Amino acid sequence: MYYEKMDAFPKGFLWGSASAAYQIEGAWNEDGKGASVWDHFTKIPGKTYKGTSGDVAVDHYHRYKEDVALMKEMGLKAYRFSIAWSRIFPHGKGEMNEKGLQFYEALIDELLYHEIEPIVTLYHWDLPQALQDAYGGWESRQIIDDFNHYCVTLFHRLKGKVKYWVTLNEQNVFITHGYEQAKHPPGVTDRKRMYEANHIANLANAKAIASFRKIIPEGKIGPSFAYGPAYPYSSHPMDVLAAENADEFNNYWWLDVYCRGEYPASVWKYLQERGLEPTMKEGDEAVLKAGRPDFMGVNFYQTATFTASPLDENFTGAVNDNHDGKKGNFVEGGIPGVFKRKRNASLETTDWDWEIDPVGLRIGLRRMTSRYGLPVLVTENGLGAFDHVEESGVIHDDYRIDYLRKHIVQLQGAITDGVDLMGYCTWSFTDLLSWLNGYQKRYGFVYINQDESENKDMKRMKKKSFDWYKTVIETNGEELN
């Protein structure tokens with residue numbers, strides 16, 4: 001829709017930014033912290049770009065006051081960060097590590113002192129290695145109670161300080177990449193195991209939400225989902241059907257469970273006929289139904305375009321992932337007879353072949369609002385790019401400003417369309433370790449002098465986008481230029 005005048009961003013809108021513990025903290029074995037699956041996975045040769053790991057990351061653990069001071073200078077209204085499970089429970093359960101919890105309390109107190117709303121993510125991929133070794137992590141129902149105990153410990157300790165909570169970050173990513181594509185821990189390629197692990201994660205998510213309601217009834221909680229709305233490649237009805245299929249398999253398979261407590265019928269039937277459906281035990285449906293969130297977190301980076309796929313199509317070829325930032329590694333893939341992903345020629349891409357589609361964010365927010373009727377918090381959105389420090393020390397990242405501006409314009413359009421939007425957290429506040437892509441893929445407003453050698457001084461330097469976002473926040477989104 002077009003409007004002569006769009007609605008203003010609401011008063012109290014959470015202009016924020018985000019991070020994840022493994023990607024910024026470092027101090028991987030300090031003060032009693034246990035190992036996570038990522039502490040182990042990144043040590044396997046060939047798994048990450050130039051063998052980078054989060055052992056030191058950008059040293060936020062020791063420099064959090066410096067980082068929060070920069071957030072205050074920017075005027076940030078909210079900061080979303082994750083808590084490392086193995087920093088609280090080194091073995092995933094059992095004895096709590098008081099020093100680990102004290103670190104997060106100190107971080108939260110620092111944020112509150114500077115009037116920055118903490119948004120706590122309970123799980124951002126760094127499962128304690130001890131639980132992976134003990135019973136296979138997300139493949140065992142034992143993790144439901146262990147995760148709940150970890151969450152309840154934090155709820156009790158931090159209630160009164162933290163109002164907004166995120167349960168699982170991008171479950172669709174860590175489950176599919178870990179159990180179907182072997183790109184993430186535990187490095188498995190088995191669709192049946194993937195669907196089983198995913199169902200257990202759904203139960204863990206729902207149980208944690210139910211526990212939260214008893215302990216912090218005045219708070220708000222929900223998962224964050226990596227949402228890529230599906231488009232048809234053409235107006236041909238079979239392409240439209242393929243896009244519908246892709247939305248069911250790639251989006252609603254997770255979102256319907258979060259928000260309705262049930263799986264999409266078409267996908268369930270497809271999996272059941274092939275013996276791939278997860279094991280649904282007595283009582284599971286009730287647990288899922290009781291886990292409806294207060295809001296949905298949306299991590300948005302790109303949309304995806306689909307065409308029809310014949311039953312005999314072969315998608316077994318190796319996928320050449322782009323980890324070096326050299327364009328041209330887009331690979332068609334899909335499920336034979338269901339859908340095939342195609343490159344959308346209408347869209348530009350990042351250096352890592354991610355399609356840039358600001359309007360897609362608005363489309364996705366509208367679809368979620370129409371389907372679920374829940375408030376939405378954009379928990380991640382940002383541009384990974386090569387940033388360069390000039391001799392003068394200036395970092396001109398106009399491309400990042402342009403990317404964020406266009407997405408914020410579409411946020412305002414979504415609000416005008418009727419979306420109940422709570423806030424917008426960019427990814428990320430500072431540069432950080434980009435999981436498999438090293439430090440070269442930079443997202444932050446603050447440049448950090450760290451690279452794949454992992455022995456730099458990690459000096460913090462404000463980019464041009466820092467002052468730009470400061471103005472956006474000061475004007476509550478009125479000034480975007």
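These legends describe close-up views of a predicted model.

**View 1. The largest cavity.** The whole structure holds four cavities of 30 Å³ or more. The largest cavity contains about 110 Å³ of space. V37, W38, Y123, W125, L127, Q132, W138, F174, Y179, H184, P185 and P186 form its lining. Helix 2 (37-41) and helix 8 (171-179) are the elements that each give two or more residues to this lining. By class, the lining residues are 10 nonpolar, two polar and no charged.

**View 2. The second largest pocket.** This pocket has a volume of about 170 Å³. Its lining includes T349, T350, D351, I356 and P358. Y399, D402, Y403 and K406 are also among the lining residues. Helix 14 (residues 398-417) gives the most to the lining, with four residues. Six lining residues are nonpolar, three are polar and three are charged.

**View 3. Two cis peptide bonds.** Most peptide bonds are trans. The bond from P185 to P186 is cis, with omega near 5°. P186 sits in the loop between helix 8 and helix 9 (191-215), and both P185 and P186 line the largest cavity. A cis bond also joins W427 and S428, with omega about 5°. S428 lies in the loop between strand 12 (421-427) and strand 13 (446-448).

View 4. Most residues other than glycine have a negative phi. A27 has a positive phi, near 45°. This residue is in the loop between helix 1 (21-24) and helix 2. A27 counts as buried because its relative accessibility is 5%, under the 20% cut-off. W435 also has a positive phi, about 45°. W435 lies in the loop between strand 12 and strand 13. W435 is buried too, at 10% relative accessible area.

Key. Residues are numbered from 1 along each chain as its sequence is written. This is a predicted model: local features need pLDDT of at least 70, side-chain atom pairs count only at pLDDT 80 or more; totals for chains, interfaces and linings use all residues. Side-chain values use heavy atoms; hydrogens and water are left out. On a 1 Å grid over the protein atoms alone, a cavity is a set of points where a 1.4 Å probe fits but cannot get out, and a pocket is an open set with protein on both sides within 12 Å along at least five of seven lines; lining residues have an atom within 4 Å of a point. Grid points are joined across faces, edges and corners, and a volume is the space filled by probe spheres set on the points. Ala, Val, Leu, Ile, Met, Phe, Trp, Tyr, Cys and Pro count as nonpolar, Asp, Glu, Lys and Arg as charged, and the others, Gly among them, as polar. Buried means under 20% relative accessible area, exposed over 50%, partly exposed in between (1.4 Å probe, protein chains only).
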